[in-house]
Structure formats: structure tokens, C-alpha cells
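Work through the exercises below with the sequence and the model open beside you. Try each task on your own before you read its solution.

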Amino acid sequence: MFEIEARKRSDEVQLLVFDDISDSFDYRNKYAIIEYLKDLQECRQFKLLVMTHNFDFYRTLESRLSIPRKQIKMIRKNDAREIIFEKGGYLKSFIKWIRDSEDDKDFFTLIPFVRNLIEYTSFQADKNNNYIKLTSCLHMKKDTKDIQIQDISKIFDSVFGAERKKKKIEEYNSKLYFETIYNIAEKIYNDKDRNRIELQNKIIFSIVIRLKSEEWMLNKLNQEFESTNNQTRELYDATKKELSDDEKRIIQKVLMITPENIHINSFMFEPILDTSLDHLYTCLEKVKI
């Protein structure tokens, strides 16, 4: 900062690069940094390049510094490890946006969020039929393969109101959830131009990866199974003696990367932003077999 203050006296235009400067600070100081960046932005001799993994910091910067949309980018690496700049998105409410979208995959992306809403607002969520039904959408239960699109649609109506904007997929009421989400994941999987930044693609992949893994482990177990808490983990513990080292590594990866992506557990979204779609693509490729 002393160096920056000294450079303010220079007439030369200078580029200042800030790399994850918010991660070591509490929120009070994090917002103080944003105000400092705003002051620097107003100095004509400085051009700023700010990089961050922190989604809250990313959105607050855009808001307080009034950064033009064309200057906001999300970055990823391709298979050749080249840096790719994509249009920056998700500056407003992600959940509100997918709730109001008519895209089929956004219907399925809403499932974990609505389930969480029910959990937070229900006195005994584990006895709430809607909560139980949506849990069967995210874990392989006895009724998972029998759930229809209309079952989920009715739950969404009960949470958001019947006047909510319906998605196209809801026209096919009797269509089975299990088959449909697999088909959507397969379509994303086979699309060479698939959007690698889009959070919905990551959520869909994560749901299907976990369902596929649990289905495979249940078949391996070949007996009745009732989960008490963390079903994927409990299934792994019940089957790992029968698994090869490669199979163990695959399931361990599923345990590590899918929960945060499915439930978006951090309000700053770091887990799902930091997990590349290509990484999930590779994981899906292994559990599809």
C-alpha cells in the first residue's frame, strides 16, 4: 500500500494487479479493501485488475465499483490448460434467476434449494412428505425411479405459489424424474459446446453422479439398505470391502465433490465455482459405466 500511495504522485498510467486480496481478512476489513479499490479506481493513473475466488467479493466489487459488464469475466482452463475468458455472470440472485427461467435443466437445479427451504421452514423436516420426496430425488431411495415430474412440480407450487412461471418440462407431467435428469445430463455430456461456467450444468452433473454411484453401490450390496444420515458415505462404508482400489477412488471423489455442488452450501458459492465442469465430466464418465 505504501508503494501504491507513492505511485499516486506519478503521471504515468499504471496497472495494479490484485490476486485474492480478500481471503485473509474478516468481513469488516474486506469491505474496507473494496472502498480502497474504489478510491484507486478514481485515480486516473491506475488501471485495476482484480482476481478472486470469493463470489461474495466478486458481486460486491461489481456493485460498489459500478464495473461495466463487458469488463467482468469468469476464467477457466481448457483441456490444453489454456486460459479461457468467459462472460461474467451470476451478479444478481442465482436462485431467483433459475426459479423464473423456463429452461428444463433449471427445473432440476431448483430441487436441492427447495428441499433446503423446506428443511429450514419445517419443524420436523424428516417427517415432511415434500422434504422426503425431494430427498428421494437426490439420493437413490425405493421410490426414486417412480417419481414423476408432476410430483416435483406440485412441491414447487406449494413453496413458490401456483402462479409461479412454469418450465417447459412440466408439460410432461407423467414423465419420470429419474430418466429425465439422466437424459439432460447425457445431453450436456455429449454437447461439445456445453457451457463450462454455468452453475446449472455443475449441479445437474453432481446430482446424476451421486445417483449413479448410489445405484451402483446398492446393486453391489444386493440387499435391503436403509440410510440413517449420509447415504452415500454409509453405502461406501457398507461396500468398500468389495471394491477395488480404482472403485474406491471413484466413490471417494464422489463423496468429496458432489455434496457442496448439489446443495450450494456456501452462500459465496466457492465450492461450485472452483470445481470445473470438466472435472465433473470426468467423474460422470467413470460412474456411467
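A crossing is left-handed if the near helix is turned anticlockwise from the far one by less than a right angle, and right-handed if clockwise. Helices (H or I, at least four residues) and strands (E, at least two) are DSSP runs, numbered from the N terminus. This is a predicted model, in which local features need pLDDT of at least 70 and side-chain atom pairs count only at pLDDT 80 or more, while totals for chains, interfaces and linings use all residues. Residues are numbered from 1 along each chain as its sequence is written, and side-chain values use heavy atoms, with hydrogens and water left out.

**Exercise 1.** Describe how helix H10 packs against helix H11.

Solution. Begin with the axes, which are lines fitted to C-alpha atoms, for helices over the stretch in contact, with angles running from 0 to 180 degrees between N-to-C directions. The axes of H10 (residues 231-239) and H11 (residues 245-263) lie 10 Å apart, and the helices pack at an angle of about 160 degrees. H10 is therefore roughly antiparallel to H11, since angles under 35 degrees count as roughly parallel, over 145 as roughly antiparallel, 65 to 115 as roughly perpendicular and the rest as oblique. Next comes the handedness: H10 passes H11 in a left-handed crossing. Finally, look for contact, meaning heavy atoms within 4.5 Å: from H10, Thr232, Arg233 and Tyr236 take part, and they meet Lys248, Ile251, Gln252, Val254 and Leu255 of H11.

**Exercise 2.** Find the length of helix H9, and state how many of its residues are buried.

Solution. The expected span of a helix is 1.5 Å times one less than its number of residues. H9 (residues 199-221) has 23 residues and reaches 33 Å from its first C-alpha to its last, close to the 33 Å expected. For the second part, buried means under 20% relative accessible area, exposed over 50%, and partly exposed in between (1.4 Å probe, protein chains only). By that rule 18 of the 23 residues of H9 are buried, so that the helix is mostly covered. After H9 comes Asn222, whose phi is positive, near 55 degrees.

**Exercise 3.** Is Ile188 buried or exposed, and which residues does Ile188 contact?

Solution. First locate Ile188, which lies in helix H8 (residues 177-190). Its relative accessible area is 8%, so Ile188 is buried. Leaving aside neighbours within four places in sequence, Ile188 is in contact with Lys105, Arg194, Asn201, Ile204 and Phe205.
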